Amino acid sequence: EMDDGDAMVTFGDSETKYTLDLEWEDGVMDIQFGVIGSDIYDTTNVHKQYKILNTISHITQKIATKVEKKKNIKFHTVVFKSSTYRNGVVDIKSAEVRNRFFSRYVTRLYPNAKISHDQYNAIIIKLNRV
């Protein structure tokens, strides 16, 4: 599903189905994903983090490119918040580990990116694309 300011994509394998929710405005894209049917944004995988992150990255880049061409804009910032849950229990340390993992992944794709965190532990990625 996609309209002028957001898109929702489902993907997965035989074990788990995921939902990726993208919203954008004024060159900023907000990314959320989780397991379909889960009431909370819990950990979403068991040893599949690279596969899932590659899939999310691929889908996000495809949609961003399509929106940029259609709206004649360029995304400059991505906002993402890692889950504070692990196996149904709040685990802030686990969320911090995921934030570092996601940040390293992004800087590999966008070496000029500047990454910061807000007071709500969201990752704010200034892409600094050339």
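Helices (H or I, at least four residues) and strands (E, at least two) are DSSP runs, numbered from the N terminus, and two strands are said to pair if DSSP finds at least two bridges between them. The structure is a predicted model, in which local features need pLDDT of at least 70 and side-chain atom pairs count only at pLDDT 80 or more, while totals for chains, interfaces and linings use all residues. Residues are numbered from 1 along each chain as its sequence is written, and side-chain values use heavy atoms, with hydrogens and water left out.

**The elements and the sheet**

The protein has 2 helices and 8 strands, and, read from the N terminus on, its elements follow the order β-β-β-α-β-β-β-α-β-β. An open sheet is formed by 6 strands in the order β1-β2-β3-β4-β8-β7, and its pairing is mixed. At the edges lie β1 (6–12) and β7 (114–117), each of which pairs on one side only. From one strand to the next the twist averages 20 degrees, where angles run from 0 to 180 degrees between N-to-C directions and axes are lines fitted to C-alpha atoms, for helices over the stretch in contact.

| Strands | Sense | Bridges |
|---|---|---|
| β2 (residues 17–25) and β3 (residues 28–35) | antiparallel | 8 bridges |
| β3 and β4 (residues 77–81) | parallel | 4 bridges |
| β4 and β8 (residues 122–126) | antiparallel | 5 bridges |
| β7 and β8 | antiparallel | 4 bridges |

T19 stands opposite G34 in β3, and M29 has V78 in β4 as its bridge partner. Further along the sheet, V79 is partnered by I124 in β8, and the bridge partner of K114 in β8 is K126.

The hairpin of β7 and β8 has 4 residues between its strands, and here N121 in the turn has a positive phi of about 70 degrees.

**The two helices**

Which angle do helices α1 and α2 make where they pack? Helix α1 (residues 49–71) and helix α2 (residues 92–109) pack at an angle of about 50 degrees, with their axes 12 Å apart. The two helices are therefore oblique to each other, a word used for angles that are not roughly parallel (under 35 degrees), roughly antiparallel (over 145) or roughly perpendicular (65 to 115). The contact, which means heavy atoms within 4.5 Å, is made by residues including Y50 and L53 of α1 and F101 and F102 of α2. By class, this contact of α1 with α2 has 6 nonpolar, 4 polar and 1 charged residues, where Ala, Val, Leu, Ile, Met, Phe, Trp, Tyr, Cys and Pro count as nonpolar, Asp, Glu, Lys and Arg as charged, and the others, Gly among them, as polar.

**The overall form**

Along its principal axes the C-alpha trace of the protein spans about 40 × 30 × 25 Å. With 130 residues, a compact globule would have a radius of gyration near 14 Å, and the protein, at 14 Å, agrees with this; the radius is taken over C-alpha atoms, and the globule rule is 2.2 Å times the number of residues to the power 0.38.
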